[in-house]
Amino acid sequence: MTKLLVLYYSSYGHIETMAHALAAGAREAGASAHVKRVPELVPDQVAQKAGYKRAQEAPVATVAELADYDAIVIGTPTRFGNMAAQMKNFLDQCGGLWARDALVGRVGSVFTSTGSQHGGQESTILSVHTVMLHLGMVIVGLPYTFKGQNRMDEITGCSPYGASTLADDGEGGDRQPSANELEGARFQGRHVAGIARALAAARHRDTA
């Protein structure tokens, strides 16, 4: 069975919600999907004052386990058009995996959340793509076969780069992912799982 990891960082729960939707989509495609998060770097007192969602069910991932998966889908909120420091810190520890080509040929995909319609969704996803390319991963986005990204009747995230959601940070980030955004995440999960399954089968044939 194709093994897929949804690896995320979430301050207020929006990316966490999207992560579980994406994993659900991957399972619909027959993959074994695991949802894990990266460690928090913000001191507990600061996180509490900022209203961070500190209770999250997903276990904390380790860098070493990344090589166990056929696909890794990363979820991160934007920080000034870039990935969150917590995610970058985790990925910066992948030097050992890079040195032994452990992730070459594995599928990589990204989803994100911003506090406004033009808050850097695409640049944030691309910042993660750069790391994935250095690790030799095969990047998969959210194709236009997901017709929800063509919608003009509502404010919504999602683009060819990956699923995304909009969080209204002007009033405490209380806008939760919409039905269309969650469907985009599920679609991306199914899409990634299908491509990862095909690549894993080819990889096993080459090593047989």
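Is Asp-101 buried or exposed? I looked this up before anything else. Asp-101 is exposed, because its relative accessible area is 53%. The cut-offs I use are under 20% relative accessible area for buried, over 50% for exposed, and partly exposed in between, with a 1.4 Å probe and protein chains only.

**Ground rules**

I note that this is a predicted model, in which local features need pLDDT of at least 70 and side-chain atom pairs count only at pLDDT 80 or more, while totals for chains, interfaces and linings use all residues. Residues are numbered from 1 along each chain as its sequence is written, and side-chain values use heavy atoms, with hydrogens and water left out.

**Entry: two positive phi angles**

I placed Asp-101 in the loop between α4 and β5. Helices (H or I, at least four residues) and strands (E, at least two) are DSSP runs, numbered from the N terminus. Asp-101 is not a glycine, yet its phi is positive, about 55°.

I then went to Cys-158, which is also not a glycine and has a positive phi of about 90°. Cys-158 sits in the loop between β6 and β7 (164-166). Cys-158 counts as buried because its relative accessibility is 11%.

**Entry: the second largest pocket**

I turned to open space next. On a 1 Å grid over the protein atoms alone, a pocket is an open set of points with protein on both sides within 12 Å along at least five of seven lines, and a cavity is a set of points where a 1.4 Å probe fits but cannot get out; lining residues have an atom within 4 Å of a point. Grid points are joined across faces, edges and corners, and a volume is the space filled by probe spheres set on the points.

The second largest pocket holds about 290 Å³ of space. It is lined by 13 residues, and those closest to its centre are Gln-117, Gln-121, Glu-122, Thr-156 and Cys-158. I sorted the lining into two nonpolar, nine polar and two charged residues. In this sorting Ala, Val, Leu, Ile, Met, Phe, Trp, Tyr, Cys and Pro count as nonpolar, Asp, Glu, Lys and Arg as charged, and the others, Gly among them, as polar.

**Entry: the cavity**

How many cavities of 30 Å³ or more are there? I found one cavity of 30 Å³ or more. The largest cavity has a volume of about 60 Å³. I listed its lining as Leu-7, Leu-66, Ile-72, Ile-74, Leu-91, Leu-103, Val-131, Met-132, Leu-135 and Met-137. That lining divides into ten nonpolar, no polar and no charged residues. β3 (71-79) and α5 each give at least two residues to the lining.

I followed up Met-137, one of the lining residues. Met-137 lies in the loop between α5 (121-134) and β6 (138-139). Met-137 is buried because its relative accessible area is 7%. Leaving aside neighbours within four places in sequence, I found Met-137 in contact (heavy atoms within 4.5 Å) with Ile-72, Leu-103, Gly-105, Arg-106, Val-107, Gly-108 and Met-132.

Where is Ser-109? I found Ser-109 in strand β5 (residues 107-114). Its relative accessible area is 0%, so Ser-109 is buried. A polar atom of the Ser-109 side chain lies 2.7 Å from the backbone oxygen of Val-140. Beyond the neighbours within four places in sequence, the contacts of Ser-109 include Ile-72, Ile-74, Met-132 and Val-192.

Ser-10 is in the loop between β1 (3-8) and α1 (14-28). Ser-10 counts as buried because its relative accessibility is 5%. A polar atom of its side chain lies 3.3 Å from the backbone nitrogen of Glu-16. With neighbours within four places left out, Ser-10 is in contact with Ile-15, Glu-16 and Gln-56.

UniProt lists Trp-98 for "binding site" in an unreviewed entry. I keep in mind that such annotations may be inferred rather than shown by experiment. Trp-98 lies in helix α4 (residues 95-99). Trp-98 is exposed because its relative accessible area is 53%. Apart from neighbours within four places in sequence, Trp-98 is in contact with His-134 and Leu-135.

Asn-89 belongs to helix α3 (residues 85-91). Asn-89 is partly exposed because its relative accessible area is 35%. I found a polar contact of 3.2 Å between the side chains of Asn-89 and Gln-93. A polar contact is a pair of N or O atoms within 3.5 Å; within protein, one must be able to donate a hydrogen and the other to accept it, and residues adjacent in sequence count only if both atoms are side-chain atoms.
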